[in-house]
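Please open the structure in your viewer and keep the selection tool at hand.

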Amino acid sequence: MFGAVAGLCLATAAIAQQGGGFSLGQSVERAIGADLVLRSVDEERLFRDSEFGQRVQADIDAASRALEAENARLLSELTAREEELTGLRDSLPPDEFRAQADAFDQRAERIRQDQAQKLSRFAQFEESERRRFFARSGVILQQVLEDEGAQILIAARAVIIGVPEMDMTGAAIAAIDAEIGDGGAPPFPLTLP
């Protein structure tokens, strides 16, 4: 391992001495694409901070609160039924008690599955709305890129080092909000429980 690192260091030093165009600790001159201007955008922030993304989050929050309330109500019902069955255990014939206990277990499992499906719809809804947002934003991002005098747009997470002026997320959010706002009613709304 140390041999490989030493070899890499020697090779880097040799390239620098040969005029390979760069060396560690020195500036790199603009050569290729000197006229190209790059801009970056933070895709997560673009969605999250847009009116569209905020509407999606508000829809999910409202549905989540409704689901939590429904879960609390169902838990209360199941707890009451479980206590009732516990009280009946000694007074019912074993066959009848077993039948009621099995029916209770089946109901509880059905409720658990139904609630898990409702919860998974939140992620499906968000993903569907993200796709719709980015599909509608492409033309707007292209226009903002042109307005910025840039030719290439890259994801902010791909930037290792950059100047803050390279990020056009704020301008993109403003343009998207002006053009599509909150996106209107989703084609597949998140149904509340």
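Is glutamate 129 buried or exposed? Select glutamate 129: it counts as buried because its relative accessibility is 1%, where buried means under 20% relative accessible area, exposed over 50% and partly exposed in between, with a 1.4 Å probe and protein chains only. This is a predicted model, in which local features need pLDDT of at least 70, side-chain atom pairs count only at pLDDT 80 or more, and totals for chains, interfaces and linings use all residues. Residues are numbered from 1 along each chain as its sequence is written, and side-chain values use heavy atoms, with hydrogens and water left out.

Glutamate 129 belongs to helix 4 (residues 94-147); helices are DSSP runs of H or I with at least four residues, strands are runs of E with at least two, and both are numbered from the N terminus. Next, display its contacts (heavy atoms within 4.5 Å). Beyond neighbours within four places in sequence, glutamate 129 touches Phe47, Phe52, Arg55, Val56, Pro186 and Pro187.

Now select helix 3 (residues 51-88). Its buried residues include Phe52, Arg55 and Val56, and the buried residues of this helix pack against helix 2 (43-49), helix 4 and helix 5 (169-180).

Finally, colour the chain by pLDDT, the predictor's confidence in each residue from 0 to 100. The mean is 83; helix 2 has the highest mean among the elements (96) and helix 1 (residues 2-17) the lowest (35). Over residues 1-32, pLDDT stays under 50. Where pLDDT is low, the predicted coordinates should not be read in detail.

Notes: The expected span of a helix is 1.5 Å times one less than its number of residues.
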